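Me: I'm new to this structure and would like a friendly walk through it. Could we look at it together?

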Amino acid sequence: MGRRILVTGLGTFWGGRVAQALEAQPDVDVIIGLDTRTPSVKLERTEYVRSDENYSILSRIVAATGVDTIVHTFLVVDSTQMAARTMHEINVIGTMNLFAAASAPGSTVRNVVVKSSAHVYGASAADPVWFTEDTRRKAPLRTRLERSLVEVEGYVRDFALDNPHVRVALLRFSNVVGPTIVTPLTKALRLPLVPSIFGFDPRFQFTHEDDVIRSIQHVLDHDVAGIYNVAGDGLLPWSEVAAICGKRTIPMPPFATGLATDPLRRLGVDLPPELLTLLRYGRGVDNRRLQRDGFRYEYTSAGAVEAFVEASRLRDTVGDHQPAYRYQRDVELFFRHSPSVLRNQPSVESKS
Amino acid sequence: MPSKAAGPQGATRAELVPVPALVPPDEPPQHLPDPRRSDVDEWGRSEHMRELSRRLYDPIYSKWFRVEWDGLEKIPDDGGALMVANHAGAIPSDAPAIMHGIEKELQRPVYGLADQMFKTLPVIGTLWSRAGGVVAHPDNAYRLLREQKQLALVFPEGTKGPSKTFNQRYQLRRFGRGGYVEIAMRSGVPVVPLAVVGAEESMPIVFKLPAVAKALGIPYFPITANMLALGPFLGPLATAAYFPAKFKIKVLDPVHFDVEPDQARYSRSRIMEASEAIRQQIQEALYDMLRTRRSVWFG
């Protein structure tokens, strides 16, 4: 019997991409996706269940489907996407209900993977160059996003302590960029002039979106447990990031920066507080623990930024195109159900 | 694969299931394309900037302060070591003198661990970081000393050293909470104490303005003898103009700690004892050097 996996946040970029990656794996029997919105990516055999944002129906789904693995990607790490209250409902209450369902008596859940963010470390002048998974954050919790993420991690820790038979992996991703993902950071880098803060040239670390998916898959395949930072090798000064993007920076005043960014917000350039502190102090995370457990990155920080820029250039020239997932329903149905197809052929099964 | 399910968290990869082989340890390091555009390294240092600042600073080092070393051979040629020194001067002049001296004489880079306050200042913070400053955080120190086997320099007095007024010169303040000893123990490196004479007189503080410091959010706001004496001629430049005091730096015997590295905790009493002993050593050495010093300006 193969694995039975529940993916939360199927309608989000990550949930969709994770489900796509799981669909390609023959040992995964069942994929159930949960979200408030219909999935935006093409999916072949994932079953979609619409739920309310805080997952009150979750325990029934877990009991009914007997999933052994939960991939929790439905954590909002971009505070510009929605109101603070909605974010709280999704992040904190959603996670709480998720773990309540997963720890119910008779629960079949044995693996949990949570996608968190390096925002839990904050950013301040007192920070070390590299945060290890055990380094405590230095900056006080200021923004609602950080507060909710730290609260979520508290639930994850409690769940792991109360359920020692469940493997819990918590992945903290740092500044994800790539061909398709849109975050406040990628929006800032696509502006004609890249905003910076005068007198500061902090160092950034980036993760390519493919490495995000690959790391989640790695954790699932190798039964890895614990807390892991996920980020490409190397730290780049913000000026160099802009240079790789072929842009110049436009400095904002170092004092009363909030006032200066307010008019920008009205123009549609939203720089959330987390990004503003990053533009001042930057952040590096130590990515060696996951590498020690066998994961290999495909992109360095600089490589990820370059991949992002090249994809943006292509999109600017030829418009949106979706080469990523070539799923043609009719062809797949033919492969799956036609008596003319020879079964157990690797070329068909693995569907490269 | 239901048998996978068992096993407590943490005790991963039970032998029950053949897990796909993890990457063997002898796998050659992979070379990913890394399209870097600048020479800023992981610590925020830029070799261009460092070369430039070395060239600008060298005349000050050799002509203005005429830095003289005693016992330079006690600084290890390789392997990590944590150097600690007394700290003085309203804008401390000892840190660049020590760092430049060792880089010049021993051709070993020195990482100056300093207060985070630098990083909060626009422009200055960036220049400081490019020239080789690193925030004094235990993680940074451990990585430098244990993993990269570098020389690091720290002033355990913190801002309490440079903020003392001239009448308290060469009186060492408290050495923090002994954190530097703990870091050296955990990293398995010796502490090399340095005694610096001259920095106190290069920019003496006459009095301080606490209200201004509070308003600006900085640790102290000094009125220096340099401002008072040179201000009429140099204007605001006098704030950064040092008196040409003669610098003498004495390297004391390295202190090795007989403890296992990489422990989560070390005995607080041992730490404080060692820290106080090192402070005493530097204080004694300073008194010795001052006894034989004939002139502030010529040594």
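Me: What percentage of the residues of chain B count as buried?
Reply: A residue is buried if 20 or more other C-beta atoms, placed from the backbone, lie within 10 Å of its own, exposed if 12 or fewer, and partly exposed in between. Chain B has 299 residues, and the share of them that counts as buried is 38%.

Me: Before we go on, what should I know about the model and its numbering?
Reply: This is a predicted model, where local features need pLDDT of at least 70, side-chain atom pairs count only at pLDDT 80 or more, and totals for chains, interfaces and linings use all residues. Residues are numbered from 1 along each chain as its sequence is written, while chains are lettered from A and ligands numbered from 1 in the order in which they are written.

Me: How many helices and strands does chain B have?
Reply: Helices (H or I, at least four residues) and strands (E, at least two) are DSSP runs, numbered from the N terminus. On that basis, the secondary structure of chain B comes to 10 helices and nine strands.

Me: Which strand of chain A pairs with strand 1 over six bridges?
Reply: Two strands pair if DSSP finds at least two bridges between them. Strand 1 (residues 3–8) of chain A has five of its six residues buried. Arg3(A) stands opposite Val28(A), and the parallel partner over six bridges is strand 2 (residues 28–35) of chain A.

Me: Which residue is the bridge partner of Thr8(A) in strand 4 of chain A?
Reply: Strand 1 of chain A also runs parallel to strand 4 (residues 69–72) of chain A, joined by four bridges. Within strand 4, the partner of Thr8(A) is His72(A).

Me: Why does Gly199(A) count as partly exposed?
Reply: Gly199(A) is found in the loop between strand 8 (193–197) and strand 9 (203–204) of chain A. In contact (C-beta atoms, placed from the backbone, within 7 Å), Gly199(A) touches residues including Pro254(A) and Pro122(B), not counting residues up to four places away in sequence. Gly199(A) counts as partly exposed because its C-beta neighbours inside 10 Å number 16.

Note on methods:
Contact = placed C-beta atoms within 7 Å.
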